[in-house]
Amino acid sequence: MTALLELSHVSKRFGGLLAVDDVSFSLKERSITALVGPNGAGKTTCFNMIAGAFRPTAGTIRFEGGMISGQRAEAICRLGIGRTFQIVRPMRDMTVLENAMVGAFSWTRKVPEARETALEMLETVGLASKAHASIGQLTLPDRKMLETAKALSTRPRLLLLDEVMAGLRPTEAASVVRVLRRLVERGLTILLVEHVMRIVMEAAENVVVLHHGAKIAEGMPEYIVKHPEVLAGYLGDGFRG
Amino acid sequence: MVLFAALALLGAVFNSYLISLLTIVFLFAFIGQSWSLMLGLGGQLSIGHALFVGIGAYSVAVLDIKYGLSPWLGLLVGSAIAGAVGAALAWLSFRFEVRGIYFGLLTIAAAEFARVMFSGWEFVGGMQGLFFPAQSGESSLLMLRGGARFYYFVALGAVAIGVGVTALIRKSFLGYVWRAMRDDEDASRALGVRTFLHKVLVVSISGAWAAVGGGLLALVQGSIFPDSIMGMGISIDVLIGPIVGGLGTAFGPLIGALIIIPLDHLMSAFSDSIGIPGLNNVAYGIVLIAVVWFLPDGVWPALIGRFRSQKRLPSIRSQIVQTQEVRQ
(Lines give C-alpha, C1' and ligand atoms only; values in the text may rest on other atoms or scores of the structure.)
Protein backbone atom coordinates (compact mmCIF):
# COMPACT_ATOMS: atom_id res chain seq x y z
CA MET A 1 0.00 0.00 0.00
CA THR A 2 1.48 3.29 -1.07
CA ALA A 3 1.20 6.32 1.14
CA LEU A 4 0.05 9.43 -0.69
CA LEU A 5 0.84 11.72 2.20
CA GLU A 6 3.22 11.04 5.02
CA LEU A 7 3.79 13.13 8.12
CA SER A 8 6.77 12.06 10.17
CA HIS A 9 7.53 13.49 13.60
CA VAL A 10 5.91 16.82 12.73
CA SER A 11 5.82 19.51 15.42
CA LYS A 12 4.69 23.12 15.41
CA ARG A 13 5.53 25.59 18.13
CA PHE A 14 3.91 29.01 18.47
CA GLY A 15 6.06 30.85 20.98
CA GLY A 16 5.64 28.89 24.20
CA LEU A 17 2.80 26.75 22.91
CA LEU A 18 3.48 23.38 21.35
CA ALA A 19 0.42 23.19 19.09
CA VAL A 20 1.43 19.98 17.36
CA ASP A 21 3.75 17.60 19.15
CA ASP A 22 5.67 14.94 17.21
CA VAL A 23 2.76 13.71 15.09
CA SER A 24 3.24 10.98 12.50
CA PHE A 25 0.63 9.40 10.28
CA SER A 26 0.16 8.58 6.65
CA LEU A 27 -2.73 8.47 4.20
CA LYS A 28 -3.13 5.65 1.80
CA GLU A 29 -4.39 6.41 -1.65
CA ARG A 30 -8.14 6.43 -2.31
CA SER A 31 -9.14 6.50 1.31
CA ILE A 32 -10.93 8.82 3.70
CA THR A 33 -9.06 9.58 6.88
CA ALA A 34 -10.54 11.64 9.70
CA LEU A 35 -8.55 13.82 12.05
CA VAL A 36 -10.47 14.18 15.30
CA GLY A 37 -9.90 15.63 18.73
CA PRO A 38 -11.19 18.30 21.08
CA ASN A 39 -10.90 22.00 20.32
CA GLY A 40 -7.30 23.14 20.38
CA ALA A 41 -5.96 19.64 19.76
CA GLY A 42 -3.94 20.85 16.76
CA LYS A 43 -6.10 19.56 13.91
CA THR A 44 -6.28 22.80 11.95
CA THR A 45 -2.60 23.47 12.63
CA CYS A 46 -1.85 20.09 11.05
CA PHE A 47 -3.94 21.09 8.04
CA ASN A 48 -2.17 24.40 7.74
CA MET A 49 1.21 22.70 7.76
CA ILE A 50 0.21 20.20 5.09
CA ALA A 51 -1.28 22.96 2.93
CA GLY A 52 1.76 25.19 3.32
CA ALA A 53 0.18 27.98 5.35
CA PHE A 54 2.58 27.19 8.23
CA ARG A 55 6.07 25.75 8.14
CA PRO A 56 6.59 22.89 10.63
CA THR A 57 9.00 23.63 13.46
CA ALA A 58 10.29 20.06 13.16
CA GLY A 59 9.60 16.94 11.14
CA THR A 60 8.87 16.34 7.48
CA ILE A 61 5.81 16.09 5.27
CA ARG A 62 6.00 14.09 2.06
CA PHE A 63 3.45 14.07 -0.74
CA GLU A 64 3.78 11.38 -3.41
CA GLY A 65 7.29 10.80 -2.11
CA GLY A 66 8.47 14.41 -2.44
CA MET A 67 9.17 16.78 0.44
CA ILE A 68 6.54 19.49 0.68
CA SER A 69 7.12 20.85 4.18
CA GLY A 70 8.17 24.48 3.98
CA GLN A 71 6.86 25.05 0.45
CA ARG A 72 4.50 27.92 -0.30
CA ALA A 73 0.74 27.39 -0.22
CA GLU A 74 0.26 28.07 -3.94
CA ALA A 75 3.06 25.62 -4.84
CA ILE A 76 1.53 22.88 -2.71
CA CYS A 77 -1.86 23.49 -4.29
CA ARG A 78 -0.29 23.13 -7.71
CA LEU A 79 1.28 19.83 -6.66
CA GLY A 80 -2.21 18.45 -6.10
CA ILE A 81 -3.40 19.25 -2.59
CA GLY A 82 -6.68 21.14 -2.34
CA ARG A 83 -7.96 22.56 0.93
CA THR A 84 -10.94 24.25 2.51
CA PHE A 85 -10.87 26.71 5.38
CA GLN A 86 -12.74 26.07 8.61
CA ILE A 87 -13.88 29.68 8.64
CA VAL A 88 -15.22 29.96 5.09
CA ARG A 89 -13.35 32.41 2.90
CA PRO A 90 -15.34 33.11 -0.26
CA MET A 91 -14.31 35.95 -2.54
CA ARG A 92 -17.25 38.19 -1.70
CA ASP A 93 -17.28 40.32 -4.82
CA MET A 94 -17.41 37.30 -7.11
CA THR A 95 -20.34 35.02 -7.91
CA VAL A 96 -20.48 31.41 -6.77
CA LEU A 97 -19.37 30.22 -10.21
CA GLU A 98 -16.53 32.77 -10.42
CA ASN A 99 -15.34 31.66 -7.00
CA ALA A 100 -15.18 28.07 -8.13
CA MET A 101 -13.40 29.06 -11.36
CA VAL A 102 -10.41 30.53 -9.52
CA GLY A 103 -9.24 27.08 -8.50
CA ALA A 104 -9.29 25.87 -12.09
CA PHE A 105 -6.92 28.63 -13.14
CA SER A 106 -4.19 26.79 -11.25
CA TRP A 107 -3.99 24.38 -14.21
CA THR A 108 -5.54 26.18 -17.17
CA ARG A 109 -5.67 29.70 -18.58
CA LYS A 110 -8.70 29.02 -20.74
CA VAL A 111 -11.79 30.68 -19.30
CA PRO A 112 -14.35 28.30 -20.93
CA GLU A 113 -12.44 25.29 -19.63
CA ALA A 114 -12.32 26.76 -16.14
CA ARG A 115 -16.04 27.54 -16.28
CA GLU A 116 -16.85 24.00 -17.37
CA THR A 117 -14.80 22.47 -14.56
CA ALA A 118 -16.24 24.87 -11.99
CA LEU A 119 -19.79 24.03 -13.06
CA GLU A 120 -19.01 20.33 -12.86
CA MET A 121 -17.66 20.73 -9.32
CA LEU A 122 -20.64 22.85 -8.24
CA GLU A 123 -22.84 20.08 -9.62
CA THR A 124 -20.87 17.53 -7.59
CA VAL A 125 -21.46 19.37 -4.32
CA GLY A 126 -25.07 20.23 -5.21
CA LEU A 127 -24.65 23.96 -5.79
CA ALA A 128 -25.18 24.05 -9.56
CA SER A 129 -28.55 25.78 -9.25
CA LYS A 130 -26.91 28.64 -7.35
CA ALA A 131 -23.97 29.08 -9.73
CA HIS A 132 -24.90 32.65 -10.61
CA ALA A 133 -25.90 33.73 -7.13
CA SER A 134 -23.80 36.17 -5.17
CA ILE A 135 -22.03 34.97 -2.03
CA GLY A 136 -24.43 36.93 0.16
CA GLN A 137 -27.27 34.67 -0.97
CA LEU A 138 -25.63 31.47 0.28
CA THR A 139 -26.42 29.84 3.59
CA LEU A 140 -23.52 28.75 5.77
CA PRO A 141 -23.75 25.06 4.75
CA ASP A 142 -23.83 26.23 1.11
CA ARG A 143 -20.69 28.26 1.68
CA LYS A 144 -18.95 25.21 3.10
CA MET A 145 -19.90 23.27 -0.01
CA LEU A 146 -18.61 26.15 -2.15
CA GLU A 147 -15.29 25.88 -0.34
CA THR A 148 -15.26 22.20 -1.28
CA ALA A 149 -16.10 22.98 -4.93
CA LYS A 150 -13.34 25.61 -5.05
CA ALA A 151 -10.81 23.11 -3.73
CA LEU A 152 -12.03 20.43 -6.15
CA SER A 153 -11.62 22.80 -9.11
CA THR A 154 -7.88 22.77 -8.56
CA ARG A 155 -8.05 19.06 -9.57
CA PRO A 156 -6.37 17.80 -6.41
CA ARG A 157 -5.28 14.26 -5.72
CA LEU A 158 -5.54 14.96 -2.00
CA LEU A 159 -8.42 16.97 -0.58
CA LEU A 160 -8.23 18.52 2.91
CA LEU A 161 -11.68 19.28 4.32
CA ASP A 162 -11.88 21.32 7.51
CA GLU A 163 -15.27 20.81 9.17
CA VAL A 164 -17.29 21.15 5.98
CA MET A 165 -20.18 19.20 7.51
CA ALA A 166 -20.51 21.27 10.66
CA GLY A 167 -24.00 22.68 10.97
CA LEU A 168 -25.57 20.28 8.48
CA ARG A 169 -28.69 18.27 9.28
CA PRO A 170 -28.02 14.51 9.52
CA THR A 171 -29.64 13.84 6.12
CA GLU A 172 -27.60 16.60 4.48
CA ALA A 173 -24.42 15.31 6.08
CA ALA A 174 -25.23 11.80 4.83
CA SER A 175 -25.55 13.09 1.27
CA VAL A 176 -22.21 14.89 1.58
CA VAL A 177 -20.65 11.63 2.78
CA ARG A 178 -22.05 9.93 -0.35
CA VAL A 179 -20.45 12.66 -2.49
CA LEU A 180 -17.11 12.12 -0.74
CA ARG A 181 -17.32 8.36 -1.30
CA ARG A 182 -17.97 8.93 -5.00
CA LEU A 183 -14.93 11.22 -5.20
CA VAL A 184 -12.80 8.55 -3.57
CA GLU A 185 -14.03 6.01 -6.13
CA ARG A 186 -12.86 8.41 -8.81
CA GLY A 187 -9.36 8.33 -7.33
CA LEU A 188 -9.30 11.11 -4.76
CA THR A 189 -7.83 10.80 -1.28
CA ILE A 190 -9.49 12.77 1.51
CA LEU A 191 -8.34 13.96 4.90
CA LEU A 192 -11.08 15.55 6.95
CA VAL A 193 -11.38 17.28 10.26
CA GLU A 194 -14.74 16.59 11.82
CA HIS A 195 -16.39 16.96 15.19
CA VAL A 196 -19.52 14.91 14.72
CA MET A 197 -18.45 11.40 15.64
CA ARG A 198 -21.39 9.79 13.81
CA ILE A 199 -20.23 11.31 10.52
CA VAL A 200 -16.68 10.15 11.18
CA MET A 201 -17.90 6.62 11.89
CA GLU A 202 -19.86 6.64 8.66
CA ALA A 203 -17.30 8.26 6.37
CA ALA A 204 -13.80 7.40 7.44
CA GLU A 205 -11.81 4.21 7.05
CA ASN A 206 -9.06 5.45 9.27
CA VAL A 207 -9.18 7.82 12.24
CA VAL A 208 -6.32 9.77 13.79
CA VAL A 209 -7.02 11.20 17.24
CA LEU A 210 -5.12 14.26 18.45
CA HIS A 211 -5.13 15.51 22.02
CA HIS A 212 -3.09 18.49 23.27
CA GLY A 213 -1.20 18.41 19.97
CA ALA A 214 -0.12 14.78 20.26
CA LYS A 215 -1.46 11.70 18.52
CA ILE A 216 -3.09 9.46 21.11
CA ALA A 217 -4.64 6.85 18.84
CA GLU A 218 -5.03 5.75 15.25
CA GLY A 219 -7.13 3.07 13.67
CA MET A 220 -10.47 2.05 12.27
CA PRO A 221 -13.46 3.96 13.64
CA GLU A 222 -14.79 0.89 15.48
CA TYR A 223 -11.47 0.54 17.25
CA ILE A 224 -11.21 4.23 18.07
CA VAL A 225 -14.56 4.48 19.82
CA LYS A 226 -13.50 1.74 22.22
CA HIS A 227 -10.00 3.06 22.83
CA PRO A 228 -9.69 3.87 26.55
CA GLU A 229 -7.49 6.97 26.12
CA VAL A 230 -9.80 8.42 23.48
CA LEU A 231 -12.80 7.83 25.68
CA ALA A 232 -11.08 9.48 28.61
CA GLY A 233 -9.63 12.41 26.75
CA TYR A 234 -12.19 13.22 24.09
CA LEU A 235 -15.38 11.25 23.66
CA GLY A 236 -16.20 10.84 27.30
CA ASP A 237 -17.69 7.84 29.07
CA GLY A 238 -21.12 8.50 27.61
CA PHE A 239 -19.99 7.18 24.26
CA ARG A 240 -19.33 3.71 25.62
CA GLY A 241 -23.02 3.06 25.06
CA MET B 1 -19.50 51.91 -28.42
CA VAL B 2 -22.29 54.43 -28.89
CA LEU B 3 -20.60 56.74 -26.42
CA PHE B 4 -17.33 56.66 -28.34
CA ALA B 5 -18.99 57.19 -31.71
CA ALA B 6 -20.86 60.16 -30.27
CA LEU B 7 -17.70 61.61 -28.70
CA ALA B 8 -15.86 61.16 -32.00
CA LEU B 9 -18.60 62.94 -33.95
CA LEU B 10 -18.81 65.71 -31.38
CA GLY B 11 -15.05 66.17 -31.68
CA ALA B 12 -15.67 67.62 -35.11
CA VAL B 13 -18.10 70.27 -33.87
CA PHE B 14 -16.97 71.19 -30.35
CA ASN B 15 -15.41 74.61 -29.80
CA SER B 16 -11.79 74.85 -28.78
CA TYR B 17 -12.56 75.20 -25.06
CA LEU B 18 -14.51 71.95 -24.98
CA ILE B 19 -11.91 70.25 -27.13
CA SER B 20 -9.04 71.07 -24.81
CA LEU B 21 -11.11 70.33 -21.70
CA LEU B 22 -12.21 66.92 -22.99
CA THR B 23 -8.69 66.06 -24.17
CA ILE B 24 -7.52 66.46 -20.57
CA VAL B 25 -10.55 64.47 -19.37
CA PHE B 26 -9.69 61.61 -21.72
CA LEU B 27 -6.01 61.57 -20.76
CA PHE B 28 -6.80 61.52 -17.06
CA ALA B 29 -9.42 58.85 -17.71
CA PHE B 30 -6.74 56.83 -19.54
CA ILE B 31 -4.24 57.18 -16.68
CA GLY B 32 -7.09 56.56 -14.23
CA GLN B 33 -7.78 53.27 -16.00
CA SER B 34 -4.25 52.12 -15.25
CA TRP B 35 -4.63 53.06 -11.59
CA SER B 36 -8.03 51.44 -11.41
CA LEU B 37 -6.67 48.22 -12.93
CA MET B 38 -4.06 48.03 -10.20
CA LEU B 39 -6.37 48.68 -7.24
CA GLY B 40 -9.77 47.66 -8.56
CA LEU B 41 -8.66 44.34 -10.03
CA GLY B 42 -5.25 43.65 -8.53
CA GLY B 43 -5.93 45.03 -5.08
CA GLN B 44 -2.70 47.02 -4.95
CA LEU B 45 -2.89 50.64 -3.81
CA SER B 46 -0.77 53.28 -5.49
CA ILE B 47 -0.73 56.85 -4.20
CA GLY B 48 2.30 57.67 -6.31
CA HIS B 49 1.16 57.11 -9.87
CA ALA B 50 2.84 60.40 -10.77
CA LEU B 51 6.05 58.35 -10.80
CA PHE B 52 4.91 56.42 -13.87
CA VAL B 53 3.22 59.42 -15.47
CA GLY B 54 6.43 61.39 -15.08
CA ILE B 55 8.63 58.63 -16.48
CA GLY B 56 6.41 58.46 -19.57
CA ALA B 57 6.34 62.23 -19.99
CA TYR B 58 10.11 62.60 -19.65
CA SER B 59 10.82 59.71 -22.00
CA VAL B 60 8.74 61.27 -24.76
CA ALA B 61 10.08 64.76 -24.11
CA VAL B 62 13.76 63.81 -23.93
CA LEU B 63 13.71 61.57 -27.01
CA ASP B 64 11.73 64.14 -29.01
CA ILE B 65 13.42 67.37 -27.92
CA LYS B 66 17.00 66.16 -27.52
CA TYR B 67 17.16 63.54 -30.26
CA GLY B 68 14.29 64.37 -32.61
CA LEU B 69 12.88 60.85 -32.34
CA SER B 70 9.21 60.07 -32.87
CA PRO B 71 7.04 60.30 -29.75
CA TRP B 72 5.83 56.80 -30.59
CA LEU B 73 9.31 55.58 -29.68
CA GLY B 74 9.19 57.76 -26.57
CA LEU B 75 5.91 56.17 -25.52
CA LEU B 76 7.37 52.72 -26.05
CA VAL B 77 10.59 53.45 -24.15
CA GLY B 78 8.70 55.26 -21.40
CA SER B 79 6.28 52.44 -20.81
CA ALA B 80 9.10 49.88 -20.85
CA ILE B 81 11.03 51.87 -18.23
CA ALA B 82 7.92 52.48 -16.12
CA GLY B 83 6.97 48.81 -16.34
CA ALA B 84 10.45 47.83 -15.16
CA VAL B 85 10.42 50.41 -12.36
CA GLY B 86 6.97 49.22 -11.29
CA ALA B 87 8.10 45.60 -11.29
CA ALA B 88 11.23 46.44 -9.30
CA LEU B 89 9.30 48.50 -6.75
CA ALA B 90 6.66 45.79 -6.33
CA TRP B 91 9.25 43.02 -6.18
CA LEU B 92 11.24 44.72 -3.43
CA SER B 93 8.15 45.71 -1.50
CA PHE B 94 6.33 42.36 -1.61
CA ARG B 95 9.55 40.42 -1.09
CA PHE B 96 9.74 42.06 2.33
CA GLU B 97 6.01 41.70 2.99
CA VAL B 98 5.27 45.41 2.66
CA ARG B 99 1.57 45.17 1.81
CA GLY B 100 -1.58 47.22 1.47
CA ILE B 101 -1.48 50.78 2.74
CA TYR B 102 2.26 50.47 3.44
CA PHE B 103 2.86 49.68 -0.20
CA GLY B 104 0.82 52.79 -1.01
CA LEU B 105 3.10 54.87 1.18
CA LEU B 106 6.11 53.36 -0.55
CA THR B 107 4.74 54.48 -3.94
CA ILE B 108 4.48 58.06 -2.62
CA ALA B 109 8.08 57.87 -1.46
CA ALA B 110 9.21 56.54 -4.84
CA ALA B 111 7.32 59.27 -6.73
CA GLU B 112 8.69 62.01 -4.50
CA PHE B 113 12.19 60.61 -4.82
CA ALA B 114 11.87 60.67 -8.61
CA ARG B 115 10.49 64.22 -8.55
CA VAL B 116 13.41 65.50 -6.50
CA MET B 117 15.86 63.61 -8.68
CA PHE B 118 14.43 65.07 -11.89
CA SER B 119 14.34 68.56 -10.34
CA GLY B 120 18.08 68.44 -9.84
CA TRP B 121 18.96 66.71 -13.10
CA GLU B 122 20.24 69.33 -15.53
CA PHE B 123 20.13 67.03 -18.56
CA VAL B 124 16.32 66.90 -18.36
CA GLY B 125 16.01 70.60 -17.64
CA GLY B 126 15.96 70.48 -13.86
CA MET B 127 13.39 72.78 -12.29
CA GLN B 128 13.03 74.70 -15.57
CA GLY B 129 11.54 71.64 -17.22
CA LEU B 130 11.43 70.85 -20.91
CA PHE B 131 9.61 72.62 -23.74
CA PHE B 132 8.53 71.05 -26.99
CA PRO B 133 9.41 73.17 -30.02
CA ALA B 134 6.56 75.17 -31.53
CA GLN B 135 4.34 73.19 -33.88
CA SER B 136 5.22 73.57 -37.51
CA GLY B 137 3.26 72.40 -40.51
CA GLU B 138 0.74 69.62 -40.90
CA SER B 139 -0.49 67.32 -38.20
CA SER B 140 1.09 63.92 -38.51
CA LEU B 141 0.10 60.68 -36.86
CA LEU B 142 3.61 59.35 -37.42
CA MET B 143 5.18 62.15 -35.40
CA LEU B 144 2.11 62.52 -33.13
CA ARG B 145 2.03 66.18 -34.07
CA GLY B 146 -1.06 68.26 -34.59
CA GLY B 147 -3.49 70.81 -33.29
CA ALA B 148 -5.89 70.57 -30.37
CA ARG B 149 -8.46 68.65 -32.40
CA PHE B 150 -5.81 66.12 -33.43
CA TYR B 151 -4.93 65.44 -29.79
CA TYR B 152 -8.63 65.20 -28.95
CA PHE B 153 -8.89 62.21 -31.26
CA VAL B 154 -5.61 60.70 -30.05
CA ALA B 155 -6.78 60.95 -26.43
CA LEU B 156 -10.21 59.60 -27.29
CA GLY B 157 -8.61 56.69 -29.11
CA ALA B 158 -6.42 55.97 -26.09
CA VAL B 159 -9.42 55.88 -23.73
CA ALA B 160 -11.33 53.61 -26.12
CA ILE B 161 -8.38 51.22 -26.24
CA GLY B 162 -8.13 51.45 -22.46
CA VAL B 163 -11.78 50.50 -22.02
CA GLY B 164 -11.30 47.59 -24.42
CA VAL B 165 -8.14 46.35 -22.70
CA THR B 166 -9.76 46.59 -19.25
CA ALA B 167 -12.77 44.63 -20.48
CA LEU B 168 -10.50 42.00 -22.07
CA ILE B 169 -8.41 41.62 -18.91
CA ARG B 170 -11.56 41.34 -16.80
CA LYS B 171 -12.81 38.51 -18.98
CA SER B 172 -9.48 36.68 -19.16
CA PHE B 173 -8.06 34.40 -16.50
CA LEU B 174 -6.06 37.36 -15.20
CA GLY B 175 -9.29 39.15 -14.29
CA TYR B 176 -10.54 36.22 -12.22
CA VAL B 177 -7.21 35.54 -10.58
CA TRP B 178 -6.62 39.21 -9.75
CA ARG B 179 -10.06 39.70 -8.28
CA ALA B 180 -9.61 36.59 -6.15
CA MET B 181 -6.25 37.90 -4.97
CA ARG B 182 -7.80 41.30 -4.19
CA ASP B 183 -10.65 39.76 -2.19
CA ASP B 184 -8.55 37.38 -0.08
CA GLU B 185 -4.88 36.98 -0.78
CA ASP B 186 -4.25 33.95 1.43
CA ALA B 187 -7.37 32.09 0.33
CA SER B 188 -6.44 32.64 -3.31
CA ARG B 189 -2.97 31.21 -2.64
CA ALA B 190 -4.63 28.08 -1.28
CA LEU B 191 -6.33 27.84 -4.69
CA GLY B 192 -2.98 27.90 -6.44
CA VAL B 193 -2.80 31.61 -7.32
CA ARG B 194 0.84 32.70 -7.43
CA THR B 195 0.05 36.00 -5.75
CA PHE B 196 3.61 37.32 -5.60
CA LEU B 197 3.99 36.99 -9.35
CA HIS B 198 0.57 38.47 -10.07
CA LYS B 199 1.08 41.42 -7.74
CA VAL B 200 4.35 42.30 -9.45
CA LEU B 201 2.67 41.81 -12.82
CA VAL B 202 -0.29 44.09 -12.12
CA VAL B 203 1.91 46.89 -10.77
CA SER B 204 4.19 46.60 -13.78
CA ILE B 205 1.34 46.65 -16.31
CA SER B 206 -0.32 49.55 -14.55
CA GLY B 207 2.95 51.49 -14.51
CA ALA B 208 3.63 50.89 -18.20
CA TRP B 209 0.07 51.96 -19.03
CA ALA B 210 0.24 55.14 -16.93
CA ALA B 211 3.51 56.05 -18.65
CA VAL B 212 1.80 56.05 -22.05
CA GLY B 213 -0.76 58.45 -20.60
CA GLY B 214 2.03 60.60 -19.19
CA GLY B 215 3.75 60.76 -22.58
CA LEU B 216 0.55 61.89 -24.27
CA LEU B 217 -0.05 64.44 -21.52
CA ALA B 218 3.42 65.91 -22.14
CA LEU B 219 2.67 66.25 -25.88
CA VAL B 220 -0.68 67.92 -25.23
CA GLN B 221 0.69 70.35 -22.68
CA GLY B 222 3.77 71.17 -24.78
CA SER B 223 5.96 71.49 -21.71
CA ILE B 224 6.73 69.51 -18.57
CA PHE B 225 8.04 70.44 -15.14
CA PRO B 226 8.99 67.97 -12.42
CA ASP B 227 6.75 69.64 -9.82
CA SER B 228 3.63 69.38 -11.95
CA ILE B 229 4.11 66.14 -13.91
CA MET B 230 5.61 64.14 -11.01
CA GLY B 231 3.99 65.98 -8.10
CA MET B 232 1.53 64.65 -5.56
CA GLY B 233 -1.17 66.62 -7.37
CA ILE B 234 -1.01 64.27 -10.34
CA SER B 235 -1.15 61.19 -8.10
CA ILE B 236 -4.30 62.54 -6.43
CA ASP B 237 -5.98 63.68 -9.68
CA VAL B 238 -5.38 60.24 -11.15
CA LEU B 239 -7.15 58.36 -8.38
CA ILE B 240 -10.23 60.54 -7.87
CA GLY B 241 -11.78 59.79 -11.27
CA PRO B 242 -11.86 55.99 -10.83
CA ILE B 243 -13.10 56.26 -7.23
CA VAL B 244 -16.01 58.46 -8.35
CA GLY B 245 -16.71 56.46 -11.51
CA GLY B 246 -16.29 52.92 -10.23
CA LEU B 247 -13.11 51.04 -9.35
CA GLY B 248 -12.00 48.16 -11.53
CA THR B 249 -14.80 48.59 -14.06
CA ALA B 250 -14.19 49.21 -17.76
CA PHE B 251 -16.07 52.52 -17.94
CA GLY B 252 -15.72 53.79 -14.37
CA PRO B 253 -12.53 55.84 -14.80
CA LEU B 254 -13.91 57.58 -17.91
CA ILE B 255 -17.26 58.38 -16.28
CA GLY B 256 -15.47 59.64 -13.17
CA ALA B 257 -13.14 61.87 -15.17
CA LEU B 258 -16.10 63.18 -17.20
CA ILE B 259 -17.77 64.23 -13.95
CA ILE B 260 -14.88 65.48 -11.86
CA ILE B 261 -12.67 67.46 -14.26
CA PRO B 262 -15.39 69.62 -15.90
CA LEU B 263 -16.83 70.20 -12.43
CA ASP B 264 -13.44 71.36 -11.26
CA HIS B 265 -13.17 73.77 -14.21
CA LEU B 266 -16.70 75.09 -13.78
CA MET B 267 -16.28 75.65 -10.09
CA SER B 268 -12.93 77.37 -10.43
CA ALA B 269 -14.42 79.71 -13.07
CA PHE B 270 -17.34 80.30 -10.73
CA SER B 271 -15.19 80.92 -7.68
CA ASP B 272 -13.05 83.35 -9.68
CA SER B 273 -16.13 85.22 -10.84
CA ILE B 274 -17.49 85.75 -7.33
CA GLY B 275 -14.04 86.37 -5.92
CA ILE B 276 -13.86 83.50 -3.46
CA PRO B 277 -10.86 81.41 -4.42
CA GLY B 278 -10.69 77.70 -3.61
CA LEU B 279 -14.38 77.00 -4.02
CA ASN B 280 -13.53 74.37 -6.63
CA ASN B 281 -11.66 72.35 -4.02
CA VAL B 282 -14.67 72.50 -1.71
CA ALA B 283 -16.93 71.21 -4.51
CA TYR B 284 -14.37 68.51 -5.26
CA GLY B 285 -14.47 67.40 -1.66
CA ILE B 286 -18.26 67.44 -1.47
CA VAL B 287 -18.61 65.31 -4.61
CA LEU B 288 -16.04 62.83 -3.35
CA ILE B 289 -17.73 62.49 0.04
CA ALA B 290 -21.17 62.23 -1.57
CA VAL B 291 -20.04 59.45 -3.89
CA VAL B 292 -18.27 57.50 -1.18
CA TRP B 293 -21.32 57.93 1.08
CA PHE B 294 -24.19 57.25 -1.33
CA LEU B 295 -22.58 55.23 -4.13
CA PRO B 296 -19.69 53.37 -2.50
CA ASP B 297 -19.13 51.29 -5.64
CA GLY B 298 -18.98 54.40 -7.82
CA VAL B 299 -21.31 56.02 -10.32
CA TRP B 300 -20.96 53.50 -13.14
CA PRO B 301 -21.85 50.31 -11.17
CA ALA B 302 -24.80 52.22 -9.68
CA LEU B 303 -25.99 53.17 -13.17
CA ILE B 304 -25.81 49.67 -14.66
CA GLY B 305 -27.23 48.25 -11.44
CA ARG B 306 -30.47 50.09 -12.25
CA PHE B 307 -30.84 48.24 -15.52
CA ARG B 308 -30.27 44.86 -13.97
CA SER B 309 -32.74 43.14 -11.72
CA GLN B 310 -32.33 43.36 -7.97
CA LYS B 311 -30.90 39.87 -7.85
CA ARG B 312 -27.56 41.09 -6.61
CA LEU B 313 -28.99 42.62 -3.47
CA PRO B 314 -28.40 40.25 -0.58
CA SER B 315 -31.58 38.83 0.85
CA ILE B 316 -32.58 39.35 4.45
CA ARG B 317 -32.12 35.62 4.95
CA SER B 318 -28.49 35.74 3.90
CA GLN B 319 -27.89 38.70 6.16
CA ILE B 320 -29.19 36.61 9.03
CA VAL B 321 -26.80 33.85 8.06
CA GLN B 322 -23.96 36.34 8.05
CA THR B 323 -24.88 37.47 11.52
CA GLN B 324 -24.91 33.87 12.69
CA GLU B 325 -21.52 33.40 11.17
CA VAL B 326 -20.15 36.33 13.10
CA ARG B 327 -21.55 34.86 16.30
CA GLN B 328 -19.84 31.51 15.76
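I began with the residues where two helices of chain B meet: I240(B), G241(B), P242(B), I243(B), V244(B) and G245(B) of α11(B) touch G252(B), P253(B), L254(B), I255(B), G256(B), A257(B), I259(B) and I260(B) of α12(B). The model is a predicted one. I then sorted this contact between α11(B) and α12(B) by class and got 10 nonpolar, four polar and no charged residues.

Next I looked up the geometry of the pair. Helix α11 of chain B covers residues 232–245 and helix α12 of chain B covers 252–273; they pack at an angle of about 110 degrees, with their axes 7 Å apart. I count angles of 65 to 115 degrees as roughly perpendicular, so α11(B) is roughly perpendicular to α12(B).

I moved on to chain A. I found an open sheet of six strands with mixed pairing, in the order β6-β7-β8-β3-β9-β10. β6 (81–83) and β10 (214–219) of chain A are at the edges; each has a single partner strand, so one side of each lacks a neighbour in the sheet. On average, neighbouring strands of this sheet are turned by 15 degrees against each other, direction ignored.

Helix α1 of chain A (residues 43–50) touches β3, β6, β7, β8 and β9 of chain A, and its direction makes about 150 degrees with that of β7(A). Helix α9 of chain A (residues 228–235) touches β9 and β10 of chain A, at about 125 degrees to the direction of β10(A).

Conventions
Residues are numbered from 1 along each chain as its sequence is written. Chains are lettered from A and ligands numbered from 1 in the order in which they are written. This is a predicted model: local features need pLDDT of at least 70, side-chain atom pairs count only at pLDDT 80 or more; totals for chains, interfaces and linings use all residues. Two strands pair if DSSP finds at least two bridges between them. Helices (H or I, at least four residues) and strands (E, at least two) are DSSP runs, numbered from the N terminus. Axes are lines fitted to C-alpha atoms, for helices over the stretch in contact, and angles run from 0 to 180 degrees between N-to-C directions. Two residues are in contact if their C-beta atoms, placed from the backbone, lie within 7 Å. Angles under 35 degrees count as roughly parallel, over 145 as roughly antiparallel, 65 to 115 as roughly perpendicular and the rest as oblique. Ala, Val, Leu, Ile, Met, Phe, Trp, Tyr, Cys and Pro count as nonpolar, Asp, Glu, Lys and Arg as charged, and the others, Gly among them, as polar.
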